[in-house]
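Dear colleague,

I am passing on the structure that we spoke about, with some notes to read beside it. Please look through the sequence and the coordinates before going on to the text.

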Amino acid sequence: MTTDEATKSEGEVQAAALAERGEDITPSKDRGVLKIIKRPGSEDESPMIGDKVYVHYKGKLANGKKFDSSRDRNEPFIFSLGKGQVIKAWDIGVATMKKGEICYLLCKPEYAYGSAGSAPKIPSNATLFFEASNAGELVELLDFKGEDLFEDGGIIRRIKRKGEGYSNPNEGATVEIHLEGFCGGRRFDCKDVKFVVGEGEDHDIPIGIDKALEKMQRGEHCILYLSPRYGFGEAGKPKFGVQGNAELVYEVTLKSFEKAKESWEMDTKEKLEQAAVVKEKGTMYFKEGKYLQAVIQYGKIVSWLEMEYGLSEKESKASDSFLLAAFLNLAMCYLKLREYAKAVECCDKALGLDQDNEKGLYRRGEARLLMNEFELAKCDFQKVLEVNPQNKAAKSQISVCQKKTKEHNERDRRIYANMFTKFAERDAKEAASKTGVEKTAEKAACEKGSKTPG
Amino acid sequence: MAVDELQAIIQRCQILEEADFKGEDFNLFQVAGQKCLEDGYAAQLLEVIENEKNKVIIKNMGWNLISPLVRCIFMYKQEDDKREHCLRILDQLAQLCNPKELFLGLLEQIEQTSGEQVCQTVMLLLQPLQTVLLKLQNKKAYSVGLSLAMIMNQLTPLPVPYTKQQIQEDKLGLCQCCNAVVDFAKPFVNEVVKNTEKSSEYNDMELKEELINFCMKSLKYPLLTAQLEQLEGIEEHPFRHFATEIIDILWNIGELIPLVFGHHKGRGPHWENQEFADIERKNSADSLACLAYLMYVQHFGAECFPMVFSPSYLLLCNMPHIEVLLKRTEESVLSKGLDLFESCLLRIEDNSLLHHYLEFRDFIDVPQDLVKVMTLCPMEHMRKKSLNILQLFIDKFDTEGKYTLFRCLLKTSNHAGVEGYIIKNIKDQIHIALTKEYENIWFTGHHLISLLDLVLSLPEGAETDLLQNSDRIMASLNLLRYLVLKDCEGDSQTGVWTTLGKIEQNFLKPLRVGLNMSKAHYEAEIKNKKENRKVAHSSNTVCSVTVSGEKMPAMTTGMQLQVLHSALFTFDLIESVLARVEELIEVKTKAVMDEN
């Protein structure tokens, strides 16, 4: 018997055992995914939907031929559970596993690659085994973590119950949710509420919930761990007795939602009408000092109108005036949020629409001043004065710029003075220890020489 | 005599210490050596170089001979003994010279070559360059990177052979050269692999980054523009071979999977300047798209590819690559985009792609790019293929997805032919909804009515250019005819009967008016033309048409008449279907009224 045949019969034996004794773990009980536990897990906890899971596995076809193994790649395979990233059998199978568990899975084509197969290795209508080799590898769940929604550690989600369907509320969608807020184990909020995503602040809901809702599905029930930045920030929330810089935990159920229209679904008239509405809203948030929320509202105007073509003359005038206001206000918000580079970007766009805009020039000057670009800032303020010689604020900003430039230069001088003496000392040392410098000089001389006769 | 001059300078230097060589000596040595080569005394020069006594001199001064040496090698014929001597000199220099200077000398030669000599020069110098790099102590990673970048930059302006004949001929030697460059890189790849094996902590990040850069460059040129399909009669397709080697390198240094799945972190410096960051991203976008093509369409590296991803997730991952490729106009690149899109779609079962994928920007943008290819690409087979792929894309979505996609395409395509095609698809979906047992809420009832609002209307009312929009109008009328025939008014599953008033107002009425106006206009025009013909036979050119710089012959009155008649024929066609639809509506409404 050749080795090929040996593996084949081995594959068949295990497949048969699985088919016979395996537990049917499909929700519809159609025996599409069968499982046998080879080694129970070390802990009792199973991964939740959306968790980042780490597994080792080895997969074979019905004929015993190995088609894939994570061991060949020398690293565990990582994916997000329950998100349709992997074949259905895996989303179902891995969700039943405990940390440290090792199991066999038998997957019918309907739960794998179906009639289409997956070129070049998986043929049409193939049943897949994820199972043991001699070394005893199969599907092994190594570890899992809650999902980091924005890859910045700011919002961690763990899904308790998966939602229906796959569509998410977008910014501006109307949502109905149930939420419970906890801080240090104490429940400070519990309510059913209906609001517009991006405007949760109106109901004392922190921005992190708005952001997380955009990644939730209808009916989803999850736990959200918010860092202070996505919570109530430095200010805290006295109304709830939440101190500044507090970590929050929320349990949220998204009961239903109505999506806001996507940009491409709206015609120009609708966009212009809505722009007026959201501009008002943005200004309201801004006045209350809720800059993150204001950014969302002004951002909508930009997303609707910035790339809109084929406008009539009248429409284009209205659109430009909305865009100008949006960019100027966004610049102001970013200044307040200390995101100066973004502020400058918005001013640039505003000035692209109206190159002598006083507010645009002034705000860009402010942003640049705060980024320590004194010369550029000065230019901006000078331009403000060209447009409006009466602008006293700009005048005083110019003298601030000059003063700062001077301070800065003096500091530089001190730093560089030290640096140059250090460099000089180091160079002297190097020159003494190495003759390499001379050699390069020599080479340069030779090159010169070679060019004259040729 | 040249040899004597050389002997003189050699003898003078033999007694000197290494440190005592002067600039003058370097100069004299170079002049004498060059003269020897030019006068055909390569054999004698070789003798001098091989002489053990001259080792130190050659070590210091030898690199000066590289430039004349390369010139001579190209001068002599392949079988000339002198050429053979020159090649041995080159070999000796690589062994004997100071690596640092020889490295710069060799690089300078590669930098200076251009045009037809590029590949020859590169192939000649690769071996010595490799020898020297392996001897370098300091800045090795940097130097390897510099060499590879220099070589690739020199090759990049060369045209990539595309047809089978061009590949076989390999006129400039590009195919051969690319594969030689990979062999050149192999020892450095092995070095990275060895270091990684030694300890997982110690990672020669610098050399690794340089090799990644080389692979990325190679993916962009020549691979992105190269023909990579298997060719009959060519056993070892040079670019397929090259592609395999590049993928092997990426796999061996452990970067293949991270690159394909975008997990590669911290590549290159973090650019402070946004513009540089954008350029970098744009550059790597082309390379990554080519890599995706190689892996998913040509199955290079399939052995190491995880086989547990779901097909729709793979499509999602590839959408950005497809978008990059479809935005290009070169046949070689565009066809890769179409192939990649097709290959991703073929893995998915019909009706199984969930509509929520349409929330990803790419899923809306890519079909729009596809429409551009369908309508603007000058190559017919590409237009046809892109139409097939659009259909495939539509077929894969679930009903809600199809519905949303149709809406989006109707609003964005701006092309009557495409709109007509979408409307035909809508008709097919309604047919399925009406014949299948399970409920389909998207192509019946109020959702359908809102879609019909888009379909059964004229963009500019009665003033719409009917000729331009004839494809769309015919498809709309066919759909309406189907609806009134198929859907009995009693149950009005589609909702068409309840919305008839609106259809009449927005579509049928303006269409009738438009038809009458257009027909009258064209008939008057024909009459005009005919009368004019009788009056003046000459100088009836109204305007001239230029197609890609060539002036088209002026249309004769006869041709103009023909065009006008064919327009009239189109109007007649529209009118006849319109009449049929109106008749059907009338009969059905009457029947119902009679019943009541």
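The notes below go from the whole chain to its sheets, then to a helix and a loop, and end at the interface.

The model is predicted, so that local features need pLDDT of at least 70 and side-chain atom pairs count only at pLDDT 80 or more, whereas totals for chains, interfaces and linings use all residues. Residues are numbered from 1 along each chain as its sequence is written, chains are lettered from A and ligands numbered from 1 in the order in which they are written, and side-chain values use heavy atoms, with hydrogens and water left out.

Chain A has 11 helices and 15 strands, where helices (H or I, at least four residues) and strands (E, at least two) are DSSP runs numbered from the N terminus. Of the 454 residues in chain A, 46% are buried, a word used here for under 20% relative accessible area, with exposed meaning over 50% and partly exposed in between (1.4 Å probe, protein chains only). Among contacts (heavy atoms within 4.5 Å) in chain A between residues at least 6 apart in sequence, 64% join residues at least 24 apart.

An open sheet of chain A is formed by 6 strands in the order 10-11-14-15-12-13, with antiparallel pairing; two strands pair if DSSP finds at least two bridges between them. Strand 10 (147-148) and strand 13 (186-196) of chain A are at the edges and have a single partner strand each, so one side of each is left without a neighbour in the sheet. Within this sheet, strand 12 (residues 174-183) and strand 15 (residues 248-258) of chain A pair over 9 bridges in the antiparallel sense, and Phe182(A) has Val249(A) in strand 15 as its bridge partner.

Strand 4 (residues 58-61) of chain A is covered on both faces, with Lys58(A) and Lys60(A) buried on one side and Gly59(A) and Leu61(A) buried on the other. Strand 4 pairs with strand 5 (residues 66-69) of chain A in the antiparallel sense over 3 bridges, with Asp68(A) as the bridge partner of Gly59(A). The hairpin of these two strands has 4 residues between the strands, and Gly64(A) takes a positive phi near 85° in it. Strand 4 also runs antiparallel to strand 8 (residues 128-130) of chain A, to which 3 bridges join it, and there Lys60(A) has Phe129(A) as its bridge partner.

In helix 2 (residues 88-95) of chain A, 6 of the 8 residues are buried, among them Trp90(A) and Ile92(A). The cover over the buried residues of helix 2 includes strand 2 (33-39), strand 7 (102-107) and strand 8 of chain A. Gly289(A), by contrast, is partly exposed, with a relative accessible area of 35%, and is found in the loop between helix 4 (268-287) and helix 5 (291-305) of chain A.

How many residues of chain A are in contact with chain B? There are 36, and they touch 37 residues of chain B. The two chains bury about 3,300 Å² between them, 59% of it on carbon and sulfur atoms, where buried area is the accessible area (1.4 Å probe) that two parts lose on being put together, summed over both. On the side of chain A that touches chain B, the elements that give two or more residues are strand 5 and helix 11 (436-451), and helix 11 gives the most, with 7 residues.

With best wishes
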